[in-house]
Amino acid sequence: MALARDRRAVERMLEVDLPATLGEIVGFVNNVFANSRAKGIVVGLSGGIDSAVTASVCVKAIGPEKVTGFLLFEKRTMESTDSKDARELARTLKIETLEFPIDEIFDSFLLNFPVKTKDRVTIGNLKARIRMASLYFIANARNFLVAGTGDRSEDLVGYFTKYGDGGVDFLPIAHLYKTQVKELGEHLGLPSQILNKPSSPNLWEGHKATDEIPMDYDMLDLALVSLFDLKMRPKEAAVVLGIDVEKLEEIIRLYNVSAHKRTYPPMVRSW
């Protein structure tokens, strides 16, 4: 099969039938929930696009009375734009919300843990894992499922914390690239302040996703489609997209070094 050789062909790969996509996701969530015999779903609400879309599709699938939004900010950010957007979304969706500042647990861990570090990624990953533990405490206590909010763009480059935001029961939007998630959010009628907000895991002050990924999401998605869906070589994709080949090689490097995040842990023999 001939490969696409122009940018427009790559862009077409990102086009989605939004009503059909929404129906597929709602059906998926319904099926997962029915087979689990759980009583509800909990979603960590960050105020960003991924968690907003995830919460919205869960509500469409099983109803607002069975979905809980959990705000896991720090005290200093409990009145931030992100937290206010998360609360407003929950009010719009008519779902229960819980709030739990993670500062005391986080600070106590760093103070008392026998190994010390100033590496901000290590420390940031601790925050993500505290959030995961909090979500699962609710899930275990109430017989809920934890909905993951990850998308395909971040999955492919490993931009998530192993056993942090990567520790979930199911992933409703992990097959969608970030730009597709945004389009689905527009289709769902999400507010513009959420749709247009720069993506951030909020693992340290001023943290933005674009500080750690090779390029902004609009271009990243085109690069990912070229490399992983259309199987272009980096040099070919660089010509088609008009970007430096080094950035495409960096994407492949990130994909390779994060492979352990997307697979089951190695063992002596598989079942």
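Helices, like strands, are DSSP runs numbered from the N terminus (H or I, at least four residues, for helices; E, at least two, for strands). This is a predicted model, in which local features need pLDDT of at least 70, side-chain atom pairs count only at pLDDT 80 or more, and totals for chains, interfaces and linings use all residues. Residues are numbered from 1 along each chain as its sequence is written, and side-chain values use heavy atoms, with hydrogens and water left out.

H8 spans residues 178-188. Its buried residues are Lys178, Thr179, Gln180, Val181, Leu184, Gly185 and Leu188. Buried means under 20% relative accessible area, exposed means over 50%, and partly exposed lies in between (1.4 Å probe, protein chains only). The cover over these buried residues includes helix H1 (7-13), helix H2 (18-36) and helix H3 (49-62). H7, helix H9 (192-195) and H10 are also among the covering elements. Contact here means heavy atoms within 4.5 Å.

## Where H2 meets H3

H2 and H3 pack with their axes 8 Å apart, at an angle of about 65°. H2 is therefore roughly perpendicular to H3. Axes are lines fitted to C-alpha atoms, for helices over the stretch in contact, and angles run from 0 to 180 degrees between N-to-C directions. Angles under 35 degrees count as roughly parallel, over 145 as roughly antiparallel, 65 to 115 as roughly perpendicular, and the rest as oblique. The crossing of H2 with H3 is right-handed. That term applies if the near helix is turned clockwise from the far one by less than a right angle; anticlockwise makes a crossing left-handed.

On the H2 side, the contact is made by Leu22, Ile25, Val26, Val29, Asn30 and Phe33. H3 supplies Val57, Cys58, Lys60, Ala61 and Ile62. These residues divide into 9 nonpolar, 1 polar and 1 charged. Ala, Val, Leu, Ile, Met, Phe, Trp, Tyr, Cys and Pro count as nonpolar; Asp, Glu, Lys and Arg count as charged; the others, Gly among them, count as polar.

Phe33 sits in helix H2. Phe33 is buried, at a relative accessible area of 10%. Leaving out residues up to four places away in sequence, Phe33 touches Ala38, Lys39, Gly40, Ile41, Ile62, Lys66 and Leu145. Phe33 and Ala61 are 28 residues apart in sequence, and their C-alpha atoms are 9.0 Å apart in space.

Ser36 also belongs to helix H2. Ser36 is partly exposed, with a relative accessible area of 29%. Its C-alpha atom is separated by 9.2 Å from that of Phe144, 108 residues away along the chain.

## Where H11 meets H12

Helix H11 covers residues 234-241, and helix H12 covers residues 245-257. Their axes come within 8 Å and cross at roughly 130°. H11 and H12 are therefore oblique to each other. This crossing is right-handed.

Pro234, Lys235, Ala237 and Ala238 make the contact from H11. Val245, Leu248, Glu249 and Ile252 make it from H12. The contact residues divide into 6 nonpolar, no polar and 2 charged.

## Salt bridges

The whole structure holds 17 salt bridges. A salt bridge is a side-chain nitrogen of Lys or Arg within 4 Å of a carboxyl oxygen of Asp or Glu. One of them joins Arg8 to Glu15, with the closest N and O atoms 2.5 Å apart. Arg8 is partly exposed at 38% relative accessibility. Glu15 is partly exposed too, at 46%. Both belong to a salt-bridge network that links Arg7, Arg8, Glu11 and Glu15.

Arg76 and Glu74 form another salt bridge, at 3.6 Å from N to O. Arg76 is partly exposed at 48% relative accessibility, whereas Glu74 is buried at 9%. Arg152 and Asp229 also meet in a salt bridge, at 3.1 Å from N to O. Arg152 lies in helix H7 (residues 152-156) and Asp229 in helix H10 (residues 217-229), so the pair ties together parts 77 residues apart in sequence. Arg152 is partly exposed, at a relative accessible area of 22%. Asp229 is partly exposed at 31% relative accessibility.
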